[in-house]
Amino acid sequence: MFLLSKNSTNSDGKIMVRRFLVTLRPFRIFVAGIGFFTLCFIMTSFGGQFSGKRVGDSPFGIRQEVGGGVESRVLKKMTDMLEIIVKRMEPLAKLENVSDFRKEGNDCHYPADRLPPPAGLMEKIQAIAQNVSNLTTKVEQLLKHSLLIHNKVDELRTSQCEVPKDPNFPDCLGKVEWMRARWTSDPCYAYYGVDGTDCSFLIYLSEKEWFCPPLPWKNHTAARRAPLPLPTVQALYRTDFTQLLELMGSGKESLIFMKKRIRRLSTQWILAAQNLKQKLEMKKRQRKKILVHLGFLTEEAGDVFSPVVSKGGPLGELVQWADILATLYVLGHSLKISATLRELQSFLGVPPGRGSCPLTAPLSFDIIYTDYHGLQQMKQNMGLSFKKYKCRIRVIDTFGTEPAYNFDDYANLHGYRTNWGHWNLNPKQYMTMFPHSPDNSFMGFVAEILNNTEKNAIQSSKVNNMAVVYGKDANMWKLQGKAKYLEVINNYMEIHGTVYYQTHWPPEMPMFVKNHGLLPQHELQRLLRKAKLFIGLGFPYEGPAPLEAIANGCIFLQPRFNPPHNSKNNEFFRGKPTSREVSSQHPYTEYFIGKPHVWTVDFNNTEELASVVRTISTTKVEPYLPYEFTSEGMLERVHAYIQHQDLCDTVFLSWPQNNVRHFPPSPNTTSLFMFPQNVTGLSWSPNATKLLTWPPISSMQLHVSTTAQSCTDACQEHGLVCEPTFFQFVNNKAIFEQFKFACDSIESEANHLYPAFEEIAQDCYLQKQALLFSCAGHHPKYRRFCPCRDFRKEQVALCKGCL
């Protein structure tokens, strides 16, 4: 029994061992899988660790690691698991050592899938556990070292993200404090990477704006080099207007009116371009990139002109803008046109947000033509880029803006503040409809010119007793006294009107007036070619219609204003940024054309009025249009501005005291002038012709005004034009000596009347603010120094040597 029991026990033990060995093979696969998983996990952990720790990452994305992190804890757990497996395998290993499976002569055989485990399995498992343990130690060391490095980097960056106290950047602290409180006020800051940290503020204020110095830890060596300037492209004249009409778009009544005008005058523009090309003798003209933003047509500005285009409203601005577009296009410049705020933002590269941030890229346009509405829209959308690029802007300004109203601080201090001034531009950036403000640039418009055949036909078709009234809106007829002087004219002529009206609401006008209603442009031209007289009612001021009438052979009759109309005594001019005295409805025609084409009389003096009308009825005149209002004249003038007028160049307070690179170094000022026979004026010496300025300094003559006389009037007395660009050359102590003014003192102050001499106190004054150099302005105390220049015949904007 005992032997049987013993054999039975041995047999049962062997069966148990066999069963264990059968189950050991999947276990080996499991152990191998754990090893492979461990290796993959380690590789992934190291990859993620290193990728998250690259030197030079943005300070806004630094990963903050903690020693003994996730990777270290997982490795420790895997080591512990392997140690448990080893401990549980030890009894099995001992059992394997005492078993009798491999004795010599053993005839036992096992199936292929039940082979006993190879020798050394325990040693391999122990080796894996040891390797994982070693690897855990190394990972812990690496993590601690990496954390130490990043702590040092964080400390370094934190210290370098402190607001620098650099005297060259005094506004840095204030701007950072503003950003701390208001950086979420505009999404554009986040667009540029601002996230609320001081580092992001400093990066933005040093790289996108210029209030803080560059951060020393930023990688400036990787900054892109400035792009090479593009090669100069020659501007070629255009004769096909299809592309321009497409650029203008459609949908607005104002645009439809402008496009019709361009089509009607297209032949005139083409002939003018051919004539200018011959005059310039094939001179090369640089092609400029130009943006025209019609701010007054945007919805934000109300598009006030479109509703009145077909109702007799004033269309002078639309006439001028149509001619500006045609001029720029015919001259061959690269042109973009915007009539909506969205188009403007797209062309300028405005970042998303509310307009507080600068543009996303340097401004790609050399010149921008706009109006006051567009100027405001650009300021609201360009951020600090507006200040940087505003010298490239040209503001189409019908009545002009004088320096006293333009310089904001001075305007506020001396009562010149208006809604339309205070932009601190170079006054030459304002471009007017007529050349009435020498401080500004004269842009103008064109009137339709007749050929010789048409002129002869007009002479034979004129009706000597036919008059047409200037005024398409019934409101222009309602001012007190107009019916009275129209009755005087009606005694000698048949009066016609072109007043808009609706059938159920006839306009209020004298019964003797034959009203044709609002006429299309070509029908109005036909009416003017028959009429002998064109009558001004006193309003609107300075429109294009009188020139168009004169060009069609009419004589223009207008009222004289006594006293002259200005911003103090006339509601229309109140708030305009000019102190100009308007002596008649159309001062340009009064002074630059005059009799026999223009008669300016006191309409309240019925005897004088009747006498003038009788004279006009027997006077024969030919159609006349000053050259500066022809298509060729406008092309010539705008060509000269674009090629020569650099308003981004610095205007200096005085010369030659400032040693500026543009001019010879400190010549003797007195040698630059020579005395003519008339000691009241000085002309520029020929040895100064090398000075690089436009208009050329050789065209300058210096005169001294009488007391209470403006420089505009003083120059006009001598048949010249005041040129504010030249003030910088005469704002000098030596000028007082040349004119033998005995100065008890010489002071520099910001005043739009200076440089000037005060006769009673014997004090002399120089200009302290370059933006206040002004041809306008007068005072009973002062005699002003007035730099004047010559001008081309019927092209007052250009001197004789300006082309």
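Let me start with what I mean by a pair: two rings of Phe, Tyr or Trp, with the six-membered ring used for Trp, pair if their centres lie within 6.5 Å. Keep in mind that this is a predicted model. By that rule, we get 42 aromatic pairs.

Here is one to look at on the screen. Y541 and F561 sit 6.0 Å apart, centre to centre, with 70° between the planes, and this aromatic pair is edge-to-face. Where do Y541 and F561 lie? Y541 is in the loop between β10 (533-536) and α19 (545-551), while F561 belongs to strand β11 (residues 555-565), so the pair ties together parts that are 20 residues apart in sequence. Buried or exposed? Y541 has a relative accessible area of 7%, so Y541 is buried. F561 counts as buried too, at 10% relative accessibility.

Now please turn to Y641 and W694. Their ring centres are 6.5 Å apart and their planes meet at 85°, so this pair is edge-to-face. Y641 comes from helix α22 (residues 631-644) and W694 from the loop between β15 (681-684) and β16 (700-704), which links distant parts of the chain, 53 residues apart. Both Y641 and W694 are buried.

Finally, a word on charges and rings. Which residue lies over the face of Y329? That is R238, at 4.6 Å from the ring centre. For Y237, R285 lies over the face, 4.1 Å from the ring centre.

Thanks, everyone, and I'm happy to take questions!

Note on methods:
Residues are numbered from 1 along each chain as its sequence is written. This is a predicted model: local features need pLDDT of at least 70, side-chain atom pairs count only at pLDDT 80 or more; totals for chains, interfaces and linings use all residues. Side-chain values use heavy atoms; hydrogens and water are left out. Rings of Phe, Tyr and Trp (its six-membered ring) pair if their centres lie within 6.5 Å; planes under 30 degrees apart count as stacked, over 60 as edge-to-face and the rest as tilted. Helices (H or I, at least four residues) and strands (E, at least two) are DSSP runs, numbered from the N terminus. Buried means under 20% relative accessible area, exposed over 50%, partly exposed in between (1.4 Å probe, protein chains only). A charge sits over a ring if NZ of Lys or CZ of Arg is within 6 Å of the ring centre and within 35 degrees of the ring normal.
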